[in-house]
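Dear colleague,

Please find below the structure I said I would pass on, together with its sequence. My notes on what was found in it follow directly after.

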Protein chains: 2
Amino acid sequence: MKYTYTHPRPAVTADCVVFGLDDEDLKVLLIQRDNAPFEGCWALPGGFARVGEAIEETARRELAEETGLKGVFLEQLYTFGDPHRDPREHVITVAYFALVNLAAHTVRPDTDARNAAWFEIEDVPELAFDHNRILQTACQRLRGKIRYVPIGFELLPRKFTLRQLQQLYEKILDRTLDKRNFRKKILKMDILAELDEIETDVAHRAARLYSFDKRKYDRMTEEGFNFEL
Amino acid sequence: MKYTYTHPRPAVTADCVVFGLDDEDLKVLLIQRDNAPFEGCWALPGGFARVGEAIEETARRELAEETGLKGVFLEQLYTFGDPHRDPREHVITVAYFALVNLAAHTVRPDTDARNAAWFEIEDVPELAFDHNRILQTACQRLRGKIRYVPIGFELLPRKFTLRQLQQLYEKILDRTLDKRNFRKKILKMDILAELDEIETDVAHRAARLYSFDKRKYDRMTEEGFNFEL
């Protein structure tokens, strides 16, 4: 089949930066390309837009096809439209990002990818196309955003300690936070409900458990807030 | 000429939401379409991407062609990729936004537009395509963003009073702010330099003049900050 237009058109793709948190680190999901260009090279999951398919659906479909990942909340990151970012021709890519609980998502390469794996951010190799730049943009967005909207709280158990919450922030920000300062600021945000319960089955002194106040949390998410760490 | 591809491609456009501030209000720059679809209808300035042209350049070129506006700092807003947003076919648009000093920008319709004019946000009519939705997204972004990054300060004179700064924020946010609260918060941001000068040629009591501390301002812009009003 051939498709003909009166003006030349750039191609459009969607790419996904999926961050995964496990007990140790912030990781990113990559696939190993099975085709030229950059055959054998690691890259962000993604692929070509189909006519009639919403561009976010393209991202969702390609993510599932290449990594098996489904049901992920994708947020639009940025559209990269430099005409030289793909050696074949002018390809505009709409990039999305997501933050998921790594343990809850089994990854397997599917069609269009030789391999799919989680990489620690520090260990990410040279990627295909401008994907290192897209990844960098996503890291900045994630770490910038966590300062004014609650992020990743859905990755915690329903009842959690302030230590667990601090560890979540430390993993995402990739640095150690001052305990006293963190507690003061997180409580000041006024989105936590202090429960009348403490941890069980822990070797150390059992800490107070908290849960999110969903109503306040939604309001804060909408309004944004500052969380200077 | 005909351009042929092995797979069908959505078309790509860029659209611009240019906000202008004058002495009274926050306005938006619209053009009246000269072609079908939506002929005669008001719309955001914008047009089709060219192969080999960076997508931001498309936005910049179309803005100049349709309104005469040049040298505007455009920031990417969002990419709208719903396949039904254009009645002709699947058109993905990359939307940009900007905030300019209205007085400094003379607007004249050029090629591809019948007319170009500034509209008060409240008086914007039903626009072509999904442009009302794009405008709404831009308003939310602008008003959300002003809460954590300094916006629009370049629209003020080099030396300004806190009253002038408050008026700027009030116009963008479209609401009255408490004077005492505003001053406390803006000074706490620590991006202003208090000058050893006061207003001249004013009927009311002359107020202290301030200027921006560019170094602090750049740092804050990069890091983001909260400005709860």
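In this predicted model, six residues of domain 1 of chain A are in contact with five residues of domain 2 of chain A. On the side of domain 1 of chain A that touches domain 2 of chain A, the residues divide into three nonpolar, one polar and two charged. The bounds of these domains in chain A are 11–145 for domain 1 and 153–223 for domain 2, and the C-alpha centres of domain 1 of chain A and domain 2 of chain A lie 30 Å apart.

Turning to the contact between the chains, 34 residues of chain B are in contact with 34 residues of chain A. The elements of chain B that give two or more residues to the side touching chain A are the strands β1 (3–5), β2 (11–21), β6 (75–80) and β7 (91–101), together with helix α1 (55–67). Sorted by class, that side of chain B has 17 nonpolar, eleven polar and six charged residues. Of the interface residues of chain B, 100% are also interface residues in chain A, so the copies meet through the same surface.

As one example of the pairing, A:Y3 has B:Y5 of β1(B) as its bridge partner.

As for the symmetry, chain B is superposed on chain A by a rotation of 180° with 0.0 Å of shift along its axis, at an RMSD of 0.0 Å. The two copies are thus related as by a two-fold rotation axis. In chain B, the C-alpha nearest that axis belongs to B:T4 and lies 2.1 Å from it; B:T4 falls within the range 3–5 of β1 of chain B, one of the elements that contribute to the side touching chain A.

Helix α3 (residues 162–173) of chain B packs against helix α4 (residues 179–188) of chain B at an angle of about 100°, with their axes 11 Å apart. Because angles of 65 to 115 degrees count as roughly perpendicular, α3(B) and α4(B) are therefore roughly perpendicular to each other. On the α3(B) side the contact is made by B:L162, B:L165 and B:Q166, and on the α4(B) side by B:K179, B:F182, B:R183 and B:I186. By class, this contact of α3(B) with α4(B) has four nonpolar, one polar and two charged residues.

Key. Residues numbered from 1 in each chain as written. Chains lettered and ligands numbered in written order. Predicted model: local features only at pLDDT ≥ 70, side-chain atom pairs only at ≥ 80, totals over all residues. Axes fitted to C-alpha atoms, helices over the stretch in contact; angles between N-to-C directions. Helix = DSSP H or I, 4+ residues; strand = E, 2+ residues; numbered from the N terminus. Parallel < 35°, antiparallel > 145°, perpendicular 65-115°, else oblique. Contact = placed C-beta atoms within 7 Å. Nonpolar A, V, L, I, M, F, W, Y, C, P; charged D, E, K, R; others polar. Domains from an automatic or database assignment. Pairing = 2+ DSSP bridges. Least-squares fit on C-alpha atoms with pLDDT ≥ 70 in both.
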